Each structure stands twice: as C-alpha cells, then as structure tokens.
Amino acid sequence: MPSSIDAWVRVPERRNTPSRRPRPVASGYGHVVTAKDRENWQRWHDAKAQDSYRRGTEAGQKGRKDEAVYWLGRAARMARHEPNVIFAYAMALLAAGRWQDAAKRMAWIAERFIMRKALVGRAIALSHLGQWDEAVALFGRMLGHYAPSPEVFSWADVFARHAGFDGWCATSNAGEVFGVCPGPVTIRLDDGLVAQDVALPFSLPETWRKARRLVVESDGRPLYGSPIALPAIRQVQGFVTVRNHHLEGWIWYPADPDFTPHAVIEVAGEMIDLTASQIEQGVNLDKPLARPRHFGLPLDALPEGIITLRDRYGTALTGSPLGPAVIAMLDPPPGKSSCTAAPSARRPEGARPLPGRASGCLVIIPAYRDAALTRRCIEAVLREAGDDVECLVIDDASPEEALSAMLDQFEQGGRITLVRHEENLGFTASANAGLEQARGRDVVLLNSDALLPKGGLARLRAWFDVGEKIGTVTPFSNDATILSYPSVEKPNPTPDLAQARALDRIFASLPRQKPVDLPTGIGFCMGIRGDCLVQTGLLDVALFAQGYGEENDFCCRASALGWRHIAASDLFVLHIGSVSFGRTRSLLLERNLRLLNCRHPGYEDTIAAFVKSDPLGAVRRNAGLVRMIIRRAKARSCLIMVTHDSGGGVERVVQHRLRKAQAEGSQVLILRPHERGCRIEDCGGDTANLIFDLPHEWLNFVAVLKRMKAERLEWHHLIGHAPAMHDLASALGMKWDIILHDYVWFCPRICLIGPNGHYCGEPALAGCVSCVAQQGALVEEHLSVAELVAQSDRALREARQVIAGSNDLKRRMARHFPGLEISLQPFEAPLAPLDPRVSAGTARARKRICIPGAIGREKGYEIVLQLAEEAAKRDLPLDYVIVGYTIDDDRLMATGHVLITGEYKEDEATDLIREFDCSLGLIPSLWPETWCFALSNIWKAGLRAVSFDIGAQSERIQKSGQGAVVPLGMPVPLLSNLLLHLSH
C-alpha cells in the first residue's frame with residue numbers, strides 16, 4: 001500500500017526583517033501596546049516564520065523527516081493562517097506517519113481551497129487510522145470533483161476495492177473519461193446516453209462542455225467516483241490586465257491544475273486563441289500548489305477596440321473586458337502618467353439620459369451563485385415591499401440550475417421582475433441592466449448575499465427625505481468597509497440571522513441624529529435617489545469590469561455634481577460576504593482602486609482621512625453601549641476587571657475568572673488601556689467601540705460604569721492606564737478587589753531582577769533606589785520608590801480584599817506592607833498527581849528537557865544558554881526544548897542542543913510538550929514567580945519539574961513532591977549533571 005504522496009510548495013514571499021525581537025518577550029509593561037508595536041512585532045514574527053519554513057522544506061527535500069516536522073511545525077505555529085505553511089506541515093506529518101495530525105491539517109486546507117491533494121492526503125491519513133468509511137467517502141468526492149493526478153491512481157485502486165466497487169473513474173478538462181474497470185462501461189451526460197459497452201479511456205463529445213453531470217456505469221452500477229460534477233472540473237480562475245504595452249494575465253483550473261488552458265481573445269470581431277503553458281511566477285494566490293498559467297500578447301498585435309477574454313468554456317476572466325479608457329489608465333503612453341490619461345468625472349459613455357425623479361422604488365438584486373442565500377435575500381425584500389416597490393432580479397447567466405429554477409418560480413408567481421443574461425456579464429453590467437429600468441424611481445442596489453431586516457427598506461428610503469441633495473444612503477453592516485460594525489479595521493465575524501436582527505433593533509433604537517456625510521456609498525446595499533441617478537448616469541461598466549469600485553466611482557461623480565452620501569445610522573443589514581468573485585478578489589480590488597485614484601485623484605486619501613476622523617465612531621459607541629445595557633438587564637450580576645493588554649499569566653487569570661463569572665450568570669466588563677484612554681470590552685458583546693478619551697470623558701466614563709451596577713471591581717493591572725484609573729473605585733462608590741500578579745506594588749522593575757540580571761534579594765530602600773538609577777523604572781516613572789510604596793500601601797489597605805495565588809507572594813508582600821490582610825486563592829484547581837508508573841522520554845539516547853513559556857531575561861534566558869553551551873562543550877546527551885519562544889532564538893539554536901517550537905495557544909501546550917517526547921521539565925526563572933502557569937503545563941503533560949528554590953514555582957514543587965528544587969545560583973555544570981541524572 002502506498003504510504004505518502006509527493007509535495008511541491010512555493011515559499012510565500014515575506015519582507016526583510018530584523019532578527020531580534022523588537023520588544024521584550026515577557027513584559028510589555030509600562031505603556032499601551034501601540035499599532036507600531038504590533039507592526040514591528042509582526043514583521044519580526046514573519047521573518048522567523050519564513051526562516052523556519054525554508055529550513056523545513058529543505059529538510060523534507062533531503063528526506064530528514066523528523067527535522068522537517070520540527071521546522072515546519074514551528075513555522076505553522078508562527079504563521080497559523082498561511083495555507084502554504086500549513087500544507088507543507090501537513091505533508092511532512094504525512095511523510096512521518098503522524099496520521100492524526102496530518103488529517104487535521106489536511107482538513108483545514110480542504111475546507112478553504114479547491115485542492116485535490118488535501119483531500120487525498122486526508123483520505124490517506126484516515127485510512128492509516130482505520131477510519132475507512134470516511135476515507136473512502138472523501139477520496140470518492142475527490143474523484144467526482146477533481147481531475148486526479150497519476151501518482152494517486154494506485155490509491156484510487158485501493159479505495160475502490162475497499163468500498164466494493166468494480167472500478168473507478170474520473171475526468172479532466174481534456175474531455176476524456178479515464179479510470180480502471182475490468183469490463184465495458186456505459187456513459188451518460190445529464191442523463192442522456194452517450195455510449196454503451198465502451199472501454200476506458202473514452203473521449204467525450206463536445207456537448208460535455210455544457211453538461212453538468214457525468215455518469216459512468218458498469219453492469220448498471222456506478223463506478224467509484226461517479227457521478228462526476230462537471231462544473232467543478234471546469235471552474236476557472238484567471239485575471240487579465242495590461243502592462244508595458246502588453247496584454248498579460250494568467251488562467252488555470254484549480255480542480256485540474258495539470259491541464260494546459262487556453263485564453264480566447266475577442267476584439268473587433270476577431271478571435272485569437274492563446275495557449276497558456278508557462279507557470280505564472282508573478283502572482284501569489286495564497287493557495288498551496290497553485291499553478292496559474294501565464295499568457296501574454298503585445299497590444300500592437302491586436303486591433304483597436306474593447307478586448308474581451310474568456311476561457312475555453314466562454315467564462316470571462318476577471319479584469320475583462322478591457323476598453324480603451326482602462327488601457328490608457330493601466331498602461332499610459334510613454335511620458336504620461338496613468339492619471340493624466342484618466343477621463344474626467346462625467347457620465348460614462350453609452351449611458352442613456354433618464355427621466356426625472358418619479359415616485360416608487362426599484363430594488364435591484366444581481367444574482368449569480370448560491371440559490372439558498374439569494375432566496376433569503378429576495379424574500380426579505382418581498383416582506384418589506386409595498387405597492388410602490390418593484391423587486392427586479394438579474395440572473396447573470398448563473399451556472400447553478402437550482403438558482404435559475406428558483407428565480408423562474410418567483411417570476412411565474414408574479415413576485416419579481418426577472419432579467420436573464422445569456423452570458424455572464426459581471427456585477428456592474430447586471431446592476432446597470434436594473435438601473436436602466438429605474439425610470440426616475442429611487443433605487444436600492446442590493447447584493448444577493450445581503451438580508452434586509454424588518455422595516456429596513458422603509459428606514460433606508462426615509463433618509464432621502466432629510467435633504468434634497470442626498471444622493472445615496474448606506475446602512476451599517478458586519479461587512480461594509482467604512483460602515484462596518486463592530487470593527488472597521490479588521491474582518492468581523494458574520495452574525496447569524498437572530499444576532500443580525502438584534503443588532504438592527506439596537507441601531508433602530510438609537511437617537512436620531514444629523515446625517516453623517518460619507519465620502520462614498522457602499523454597493524452591497526445602497527439606496528440611490530432617482531434624480532441623482534438621472535443626473536449622474538449609470539455605473540461605468542467599461543471601466544470596472546466584474547465589480548468593485550463601480551459604486552465608488554458613481555458616488556464621486558455624483559459628489560462633483562453636488563450630491564451628498566450619508567449613513568443610514570438607524571439600520572443594520574446582514575452581509576454574508578462576497579459569494580461571486582472567488583480568489584481573484586484582491587487583484588480586482590487593487591486594479592480598480594488604481595483606476596479610482598486615477599479618475600478621482602485623492603480618493604484613497606479622502607477615505608483614509610474619513611476613517612481616521614471616524615465621524616461614525618459615536619454611532620458605533622452608542623450601539624455598543626446599548627448592547628452592553630441590554631446584556632446587563634439579562635445578567636444576574638456584573639463584574640468589572642481592570643487589566644493591561646500585554647497577555648501572559650495575567651491574561652490567563654483574567655480569562656479564567658471571566659469564564660467562572662459568566663458561568664455564574666454574570667456580565668463581565670474588562671477595562672483595558674487605549675491610546676486615547678480606556679477601552680471597555682463587553683465580553684460576549686462589543687469589544688471594539690467602547691473607547692473613552694481620558695481624562696476628557698472621565699465623567700461620562702464613570703456614569704456609564706455606574707449604570708452597570710457592578711457588584712465587584714477587580715484590579716489586575718493598571719499598567720498603561722490613565723492615572724485617573726487609580727480613582728475608579730472611589731468614583732464608583734466601590735472598593736477594589738486587588739489580585740496580585742507581580743511586584744509592581746513596590747518594585748519599579750516589576751520582577752525583582754537587579755542590575756546583575758539575578759534576583760535582587762529585595763534590599764532596603766537605598767538598594768531599590770540604586771537599582772532604578774542604573775536600570776530605570778518600567779512603571780510610575782514620575783514616582784520615587786518611596787512614593788510608589790506609599791501609593792501602593794494606600795490602595796492596598798483601602799481595598800475590599802487583596803488576593804494572592806501563592807503563599808510565597810503573600811509572605812513577600814507582607815514584608816513590604818506589614819499587617820496587610822491578604823487572602824490566598826490559588827489561580828488553578830489542584831492538578832492530579834503524576835502517575836509514578838509513567839516514565840516519559842525513556843526511548844531517546846539524548847534526553848530532552850522541556851522549558852515552556854516566553855523566555856526572557858527574568859525567565860532565565862542566560863541560564864538556558866549556559867546549559868546548552870555546557871551540553872555542547874561536554875557533548876552531553878541533553879537537548880533543551882523551548883515550548884514557546886525566547887528573546888534570541890538563533891543564539892540558542894546555534895548551540896546544537898536547543899529546539900524552539902514557536903508560539904503556541906494555551907490549549908495546545910500539553911499536546912505540544914508530549915509531542916517532543918521530553919523526559920523532564922525545567923523552570924529556569926530567576927525571579928520569584930507568583931504562580932507559574934508554565935509549571936502547570938509541565939505537570940499536565942505528565943513530566944516532573946525542576947526549578948530554582950525561589951518563588952511560587954519552588955513552593956508548588958515542594959508541596960506536590962512532583963519534581964525537585966535546586967539552590968538559586970547553582971553552578972551550571974552541576975545543574976547539567978542533575979538534569980541528566982533526573983531525566984533517566
């Protein structure tokens with residue numbers, strides 16, 4: 001039985017970045033994490049992920065399976081959403097026989113991409129796990145939707161036999177049915193007989209190009225893989241543009257990537273066939289194993305006119321057609337800029353004059369894919385439509401029979417007006433087909449993936465009555481660029497229908513305010529006033545091809561004529577997402593944005609200025625406040641937690657207490673520092689918009705929190721917060737519950753690490769002053785050490801309760817704040833004792849020591865480096881596995897005795913530690929930890945642990961008996977000997 005499949009993965013391009021981490025690993029204390037911080041971190045992170053990816057692919061090519069799994073696993077954890085990396089890791093796992101892990105990663109790829117090898121790889125992995133039913137079904141689906149490559153034919157034989165079929169079949173874009181069958185077969189297309197008693201392979205007649213279903217039978221029984229979904233095989237991706245006076249583009253069939261495609265050019269009545277045989281190297285589709293094929297032709301070789309490009313089945317490529325205006329902007333003559341070549345903002349050529357504004361409203365829905373979603377869109381409109389509303393649907397030559405049949409039913413019932421195109425013309429042309437029938441009426445241009453709420457149509461139309469020069473109106477949505485909610489900076493999760501309705505009720509309940517002017521309307525659901533349409537003209541189909549940017553151009557032209565564009569601030573419309581554009585969306589967006597900026601200079605800057613000034617911020621915040629108040633009415637109580645935004649153990653405690661409070665029926669609000677002041681996270685509600693400018697909005701901020709009637713107020717960390725936050729408890733008429741996480745209360749350096757890089761010993765005041773003078777303060781820089789302690793003393797003694805997770809922390813705090821009452825509340829439930837019969841990592845000649853976490857200076861980086869150098873110097877059979885990352889990974893790995901996994905999610909920690917087959921855990925921290933979640937992860941993985949005799953780590957090990965503690969400052973050679981001894 002074959003055991004693997006070959007892999008070829010293109011390395012994704014990354015930016016050149018510095019090798020050292022731009023920020024300290026384990027702190028982040030002392031300031032708000034800014035966008036620049038995150039950008040620098042991401043650049044560093046990307047570079048490391050790319051380096052790991054390179055090393056992993058090189059190891060795989062040389063047959064070093066374990067090394068490939070290590071490096072690609074590290075890259076996959078650092079680049080969790082990079083499909084090329086995930087697939088390469090999945091292939092390495094498959095080659096190494098890690099079937100469960102390989103199946104999981106292959107499923108991730110298969111859910112997101114048209115990719116046969118992901119299905120094949122998952123089926124192979126499942127078969128090795130004994131899950132044959134699922135494996136057979138998965139491989140059969142691949143045969144019915146893809147053109148399999150020759151290297152998997154042997155697997156087709158295996159799965160067909162296991163499923164009890166006489167043979168198997170598949171097809172490709174070459175129009176040939178191939179496979180294995182011991183006898184003759186019968187072939188049908190769309191239930192029509194094509195041939196009987198024929199052998200495979202068999203060449204299909206030309207009618208297969210329009211057929212939807214291919215059935216191959218033997219003795220009246222379908223072969224494995226039949227029926228075959230022909231539209232899936234024929235699905236094309238392609239893009240065309242002009243560059244350097246050449247027509248250039250790429251085309252391929254994702255379900256048949258080995259097929260050599262053709263691009264058919266039509267211009268001035270001539271037809272030119274181009275064979276695209278060369279792999280396109282200049283485009284990154286962010287898809288593993290993508291094989292787009294390049295085509296090109298000098299523009300001088302073509303007659304003048306509108307250039308249309310289609311594939312062999314007549315499907316237009318994205319970016320087509322290319323008219324003279326588009327070509328002039330994308331590829332201007334020598335010596336002229338593209339924007340110089342841009343036509344002025346005016347009605348597009350070919351736009352017919354339309355009559356003046358009339359009564360009534362026309363709702364236009366261009367439709368192409370997804371019958372179920374389109375039905376929901378139409379029915380939502382029909383529920384809202386009165387006698388003066390017409391629903392017009394454009395069937396843009398949909399490839400889905402179910403969608404076209406559904407539209408016929410609506411039309412036959414007299415519920416919609418239907419326009420059907422003989423060939424796919426794209427969104428812009430479809431919209432124009434509807435706009436031409438407006439006849440002066442107001443229009444609502446609606447995507448088929450947008451669902452109007454109850455009363456939504458009336459509310460949208462009502463905004464036209466606010467002013468005579470209001471040309472377009474756009475509502476809020478989860479996916480509407482500058483009108484997105486809750487976030488305009490990142491994609492929002494798509495709410496379900498009930499959630500969307502609840503959000504709409506909230507927006508509808510907001511106080512009516514003056515119209516907020518927009519730089520542009522958004523076409524997913526855009527109302528257009530009838531006389532604005534009359535004066536401005538239709539969308540420019542010649543310029544904007546299949547879509548994206550056509551409504552922005554329309555709005556810019558309307559603005560030049562004095563029309564305004566406003567937000568329907570009382571309306572939220574659910575937008576499922578782009579269902580019609582596929583993987584070429586980003587390229588089309590980039591191209592059309594360039595055209596927009598050429599035609600309307602400064603457009604992009606105008607949008608950026610609008611986003612920065614955020615005139616809709618008040619609306620979003622009000623919506624968030626209403627959501628928060630509604631949630632409070634349903635909750636038994638309310639808990640407010642104040643913390644920083646730097647993750648780590650503090651965040652683990654916060655999240656643990658959050659889950660516990662929510663399980664008890666409490667609403668939880670988390671207050672985090674923000675560049676403008678403070679951000680309220682209504683957990684389970686709005687976490688993006690509840691931002692208050694402090695101290696300017698202090699009174700409003702306090703009033704909002706008072707309205708929540710919180711029972712408890714927890715102080716986890718005020719690092720990065722505005723100084724006024726120290727007074728929050730008194731302003732709310734409450735007392736703090738203070739949860740201690742570190743030594744920020746009396747140590748301006750937070751972690752009790754002195755100038756020598758070791759535990760400072762908590763000296764008298766003079767020693768602290770000297771330390772800060774040498775190293776600087778990480779917090780409260782305006783306070784002396786004595787002032788810091790005095791401020792802390794007041795806050796701690798005024799608290800309702802002070803909570804510590806460990807006795808060690810409680811004792812240390814008592815030294816500095818005598819008589820302070822501190823409650824002991826461990827941050828985790830007791831862990832089950834280790835099973836003494838289980839011995840981890842005994843099979844390895846070189847023992848592995850696990851060190852989990854983010855290893856910075858105070859976490860013992862130098863100790864780990866010295867241990868690794870000692871192992872190299874003495875050739876000790878010891879390796880150190882950093883399950884996490886450090887301040888300088890390269891220096892450690894250069895010793896040859898350190899493996900570093902990269903960042904991980906907390907729920908992955910246990911499995912990741914076990915994956916590396918370690919014998920022992922090590923906590924090398926030089927500071928007295930206050931709890932140490934890294935130690936918990938070691939124990940959960942079934943390992944004993946070693947730490948220095950300091951802090952909560954030492955306390956917990958000694959109390960449990962599940963490990964050993966050693967003196968702080970123990971010489972590294974002795975520590976190496978001890979670790980070697982304990983690991984056996």
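**Loops and strand pairing**

Modeller: Pro 486 is found in the loop between strand E21 (470-477) and helix H14 (497-509); helices (H or I, at least four residues) and strands (E, at least two) are DSSP runs, numbered from the N terminus. This is a predicted model, in which local features need pLDDT of at least 70, side-chain atom pairs count only at pLDDT 80 or more, and totals for chains, interfaces and linings use all residues. Residues are numbered from 1 along each chain as its sequence is written, and side-chain values use heavy atoms, with hydrogens and water left out.

The peptide bond from Tyr 485 to Pro 486 is cis, with omega near 10°. Another cis bond leads from Ser 320 to Pro 321, with omega near 5°, and Pro 321 lies in the loop between strand E15 (308-310) and helix H9 (324-330). Most peptide bonds are trans, and most residues other than glycine have a negative phi. His 245, in the loop between strand E9 (237-243) and strand E10 (246-252), has a positive phi near 60°. Asp 614, between helix H19 (603-613) and helix H20 (617-634), has a positive phi of about 50°.

Accessibility is classed as buried under 20% relative accessible area, exposed over 50% and partly exposed in between (1.4 Å probe, protein chains only). His 245 is partly exposed at 39%, as is Asp 614 at 33%. Glu 280, in the loop between strand E13 (278-279) and strand E14 (293-298), is buried at 14%. Leaving aside residues up to four places away in sequence, Glu 280 touches Gly 249, Trp 250, Pro 292, Arg 293 and His 294, contact meaning heavy atoms within 4.5 Å.

Turning to the strands, two of them pair if DSSP finds at least two bridges between them. An open sheet of eight strands has the order E27-E26-E25-E24-E28-E29-E30-E31, with mixed pairing. Strand E27 (691-693) and strand E31 (823-824) are at the edges with a single partner strand each, so one side of each has no neighbour in the sheet. E31 runs parallel to strand E30 (residues 801-804), joined to it by two bridges; Ala 804 has Leu 824 in E31 as its bridge partner.

Elsewhere, strand E36 (residues 945-948) pairs in the parallel sense with strand E37 (residues 963-966) over four bridges, and Val 946 has Ala 964 in E37 as its bridge partner.
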